[in-house]
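Subject: Structure handover

Hello,

Please find the structure below.

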Amino acid sequence: MKKISRRSFVKTTAVTAASLSLFGLAGCKKTEQKPAATQDAAAPVAESAKTGHTVVIAGGGYGGATTAKYLKILNPAINVILVDRNAEHVSCAMSNEVIFGLRDMSEITMPLKRLADNHGIDFRQAEVTGLDKEKKVLKTSAGDISYDKLVVSPGISMDYDPALNFTEDKQAKYPHAWIAGKQTEQLRDMVSQIKAGDTVIFRTPLALYRCPPGPYERACLFGNAALKKGAKVIVLDPNPQIMSKKPLFEKAFNTTYKDVLTYIPSVNVTAIDYDKKIVKTDKGDFQGTLINFVPNQKAGELVFTLGLVEEGKKWASVDPKTFESTLAKDVYVIGDAIDSAPVTEMPKSGTIANATGKVVAENLVRIFAGKEPLVPFVGNTCYSLVSETEGIWIATLYEYSAEKNKIVTRNGANGIPEAASVENKVNGHSWGNNILIDTFM
Amino acid sequence: MRKSIMILTLSLLTITTTATIVMAQENEEGRRFGNFCSSCHGTAGAAVSDAIPSIGGQHKDFLKNSMMDMKPIVVDGKEQAPKRYSTLMKIFLKGYSEAEIEAMADWYSSRPWVPTSYPLNQDLVAKGKASTQLETCTSCHGANGNNVEDAGIPRIGGQVPTYLYNALLEYKNDKRMTERASEMELVKEISDEELKALAEYFSSLK
């Protein structure tokens, strides 16, 4: 109710609000002050301005965009070049809300040129094709780019199982929508067609995958759609149990959705009959009207192209103290693409990509100023919906432990709420809007 | 409709975030411990949405006290309920020492205060402005919602609206049993509806 009334006010207040916010900032002088990050090291800043340190960032998602923005905030003298194959980034966080009609696609679509213009970042829309580690050159479809430091943040790609014959070409009809974009809209349109008597078959990805609670949020929202339309949902989870916020999702499955949702853990899909829409598994065959198969995952293709993945691995190995690649000096990998299990308890989340982007930005500024980098200190917040009206969250503080050589939970600061609530949903919506702006504006 | 609104809102935000500049004399330790907070509270603590408060440019003592009051205290090995209600803040604050909280309060209080550009309900704003209870608020918080004489009193002029209203309800419903909560006892005499209007009015101040 409140939101609707606020929305109706937007158009009339926009101009006033814009001018007022400018006045509100009048006391803060934009260009005359020194970048404070290096306040106590004025000389190195001048040096960096002269020698023009260049940081090249490949990938404009939560990790890359945050790194680019915070480098410029901390030291505008650094030359920051952001490369992405797309003109805009579509946020995977909150894309479940778009699929189920709770947010508009435009709200999660972030033009990278806008970010670049706001902060003096050099944005180049190009395909990255290779890396010369010795000469420190990133090769792209728009030419070679020399760097002092390279930050790579490509997110995930799909790790298809050849036995299932589920590849790119199948996705016109069977969008996984686990990388937000066109597929998000495709799945949204399919969801809007769900009708009484339909059966949704939703296969969640095997860990490790992007966004640990994401599959269970989507399961709940499928459940919510099923309740409204008189349909059913079968959740096929290859994992032995719910992988995040377990008691809260379990409660939603067993109460709110108990009549419409069947959750089956430890199940392996062995074949898909695409014509008859039958998913065959080691626990029986399931026929549905809508199949949402989310494949298993690996690091974004880019880190494979650049030779940043160790033999036989699916993710890029990094030093947990710095996020520097174990395979290339002066190259840093952040976000979902890192081989997280050996080096950190952190999840593959947008918030972590954002937070580690800030850590890397801060440390590159320190290194250019002749200071020692600091070990990672980050937090993760992730909100999920369990219905249209109620939300939940997880919160964890992390710090690098020298003893374990791993980024671990700090002082037991980790938790989930006792129950889902409207308050958590409202706060979650604010979190979404704020992190989008903190990252992409 | 939603699309055009988001675009409008975003274009407003461009103005505010572009101008969110790093100021001189930063507490670098505070920035390090608190930098990730901006993913929820906005860049340099300038929130753009309505429910999570702006903390950049907030009065330092209030910031520190708020964090200390939301931090669970352990007595005889048992975790006590914090004095101030929170959802997830109690989890994060468990991980910080008092000195670290002090550093974060120092850093965030030194950031520019960016009054909310969140679209407000102008009927409510007008109602709040006309409220007979307005003076009850301004006598401590100042006519512009920014009493600079007492850093323990929060800056509320330009704070985001849903947070302000929720804060008032928390005082009213004894969810903020903090040292200075008695100064907010008077909200118990004010209806929820009127509190909402007052919150909206203070959000509109710059």
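In chain B, the axes of helix 9 (residues 161–172) and helix 10 (residues 192–204) come within 8 Å and cross at roughly 140°. An angle over 145 degrees would count as roughly antiparallel, so helix 9 of chain B is oblique to helix 10 of chain B. The crossing of these two helices of chain B is right-handed. Please keep in mind that this is a predicted model.

The residues that meet in this contact are as follows:
- from helix 9 of chain B: P161(B), L164(B), Y165(B), L168(B) and L169(B);
- from helix 10 of chain B: D192(B), L195(B), K196(B), A199(B), E200(B), F202(B) and S203(B).

By type, the residues of this contact between helix 9 and helix 10 of chain B are 8 nonpolar, 3 charged and 1 polar.

The other item is in chain A, where 5 strands form an open sheet in the order 5-2-1-9-19, with parallel pairing. Strand 5 (122–125) and strand 19 (331–333) of chain A are at the edges; each has a single partner strand, so one side of each has no neighbour in the sheet. On average, neighbouring strands of this sheet are turned by 20° against each other, direction ignored.

Within chain A, strand 1 (residues 54–58) pairs with strand 2 (residues 79–84) in the parallel sense, over 5 bridges. If you want a place to start looking, which residue in strand 2 of chain A stands opposite V55(A)? That residue is V80(A).

Regards

Note on methods: Residues numbered from 1 in each chain as written. Chains lettered and ligands numbered in written order. Predicted model: local features only at pLDDT ≥ 70, side-chain atom pairs only at ≥ 80, totals over all residues. Pairing = 2+ DSSP bridges. Helix = DSSP H or I, 4+ residues; strand = E, 2+ residues; numbered from the N terminus. Axes fitted to C-alpha atoms, helices over the stretch in contact; angles between N-to-C directions. Parallel < 35°, antiparallel > 145°, perpendicular 65-115°, else oblique. Left-handed = near helix turned anticlockwise from the far one by under 90°. Contact = placed C-beta atoms within 7 Å. Nonpolar A, V, L, I, M, F, W, Y, C, P; charged D, E, K, R; others polar.
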